[in-house]
Amino acid sequence: ILRDKAVHGYYSGYKYQRGLDAHPERVAEMEDFTYRFTAELLALENEYSRDLYSLGSLDYAGVDAFVHYNADKALMNLGYGPQYEEEAAGVEPEIIAALTPDSSETHDFFSGSGSSYVMGRAEVTEAEDWDF
């Protein structure tokens, strides 16, 4: 089955949240871990992106906003609140439009969004669909 990135993120978040439901004694521990780990990953991604963009003297500001935007999306998929709304607010509207699955934009090669991307068909899931 072909799945869009949004479906992958939703699925991973769903499984994570069901895992927490099964282990309520770990909710606080996992929330703390998730926020700390996200901050670490964000710092590494920012460092890598800054280094990469400085090689070509490219504008890094839009990349920084997009990295924060993605971090918030990941947190929300896991059931947590966004932490980087202020930093993520700088994402260009054209980028958001290109990420929309029904977008007619076709220049976003890496995410595969746009009219050249084939979406899988959607169907309602049952609880047992998530047991692997």
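## A glycine after a helix

Helix 3 is followed by Gly79, and the phi angle of Gly79 is positive, near 95°. Helices here are DSSP runs of H or I with at least four residues, strands are runs of E with at least two, and both are numbered from the N terminus.

Before going further, please note that this is a predicted model, in which local features need pLDDT of at least 70, side-chain atom pairs count only at pLDDT 80 or more, and totals for chains, interfaces and linings use all residues. Residues are numbered from 1 along each chain as its sequence is written, and side-chain values use heavy atoms, with hydrogens and water left out.

## The whole chain

The protein chain has five helices and zero strands, so its elements read α-α-α-α-α from the N terminus on. Of its 132 residues, 24% are buried. Buried means under 20% relative accessible area, exposed means over 50%, and partly exposed lies in between (1.4 Å probe, protein chains only).

Contacts (heavy atoms within 4.5 Å) tell us about the fold too. Among those with a separation of 6 or more, 47% join residues 24 or more positions apart.

How far apart are the end C-alpha atoms of helix 1? They are 26 Å apart, which agrees with the 26 Å that its 18 residues (5-22) should span at 1.5 Å a residue. The expected span is 1.5 Å times one less than the number of residues. Gly9, Tyr11, Gly13, Tyr16 and Leu20 are buried in helix 1, and their cover includes helix 2 (27-55) and helix 3 (61-77).

For helix 3, 17 residues should span 24 Å, and the end C-alpha atoms are 25 Å apart, which agrees. Its buried residues include Val63, His68 and Asp72, and the buried residues of helix 3 pack against helix 2 and helix 4 (85-88).

Is Thr38 buried or exposed? Thr38, which sits in helix 2, counts as buried because its relative accessibility is 14%. Its side chain reaches the backbone oxygen of Thr34 at 2.7 Å. Leaving aside neighbours within four places in sequence, Thr38 touches Ala71, Leu75 and Tyr84.

Phe33 also lies in helix 2, but Phe33 is partly exposed, because its relative accessible area is 39%.

Note on methods: A polar contact is a pair of N or O atoms within 3.5 Å; within protein, one must be able to donate a hydrogen and the other to accept it, and residues adjacent in sequence count only if both atoms are side-chain atoms.
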